[in-house]
Amino acid sequence: MKSRLKELRAREGYNQTQLAKLAKISRQTISLIEREEYMPSLLIAVRIARIFNEPVENVFQFKEEEL
């Protein structure tokens with residue numbers, strides 16, 4: 001799964017710690033998502049998307065082979 005997390009964080013001026021607090025998850029989880037080493041749960045994905053006022057599918061995109 002690919003994410004635009006790093007790009008959206010930069011757009012809003014958040015560091016990983018700030019975003020993690022807003023999403024109620026750890027900074028390490030944000031880092032893992034950005035490195036594509038962790039696939040967030042639906043709940044976490046929705047929380048993150050709402051922080052950026054974006055639809056979930058604009059923040060996270062599945063690779064074709066994952067579907």
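Me: Is Phe 52 buried or exposed, and what is its relative accessible area?
Reply: Quick note first: this is a predicted model, where local features need pLDDT of at least 70, side-chain atom pairs count only at pLDDT 80 or more, and totals for chains, interfaces and linings use all residues. Residues are numbered from 1 along each chain as its sequence is written, and side-chain values use heavy atoms, with hydrogens and water left out. On the scale used here, buried means under 20% relative accessible area, exposed over 50% and partly exposed in between (1.4 Å probe, protein chains only). Phe 52 is buried, at 3%.

Me: Which residues make up the aromatic pair, and how far apart are their ring centres?
Reply: Searching the whole structure turns up 1 aromatic pair (Phe, Tyr or Trp rings, the six-membered one for Trp, with centres within 6.5 Å; planes under 30 degrees apart are stacked, over 60 edge-to-face, the rest tilted). The planes of Tyr 14 and Phe 52 meet at 50°, so the pair is tilted. Tyr 14 sits in the loop between H1 and H2 and Phe 52 in the loop between H4 and H5, 38 residues apart; helices are DSSP runs of H or I with at least four residues, strands are E runs of at least two, and both are numbered from the N terminus. The ring centres of Tyr 14 and Phe 52 are 6.2 Å apart.

Me: Which residues of helix H4 are buried?
Reply: H4 covers residues 42-51. The buried set is Ile 44, Ala 45, Ile 48 and Ala 49.

Me: Which exposed residues does the other face of H4 carry?
Reply: The buried side of H4 packs against H1, H2, H3, H5 and S2 (contact being heavy atoms within 4.5 Å). The face turned away from that side carries Leu 42, Leu 43 and Arg 50.

Me: What is the phi of Lys 24?
Reply: Most residues other than glycine have a negative phi. Lys 24, in the loop between H2 and H3, has a positive one. Lys 24 counts as exposed, at 68% relative accessibility. Its phi is near 60°.

Me: Where is Glu 36, which also has a positive phi?
Reply: Glu 36 isn't a glycine, yet its phi is about 60°. At 37% relative accessible area, Glu 36 is partly exposed. Glu 36 is in the loop between H3 and H4.
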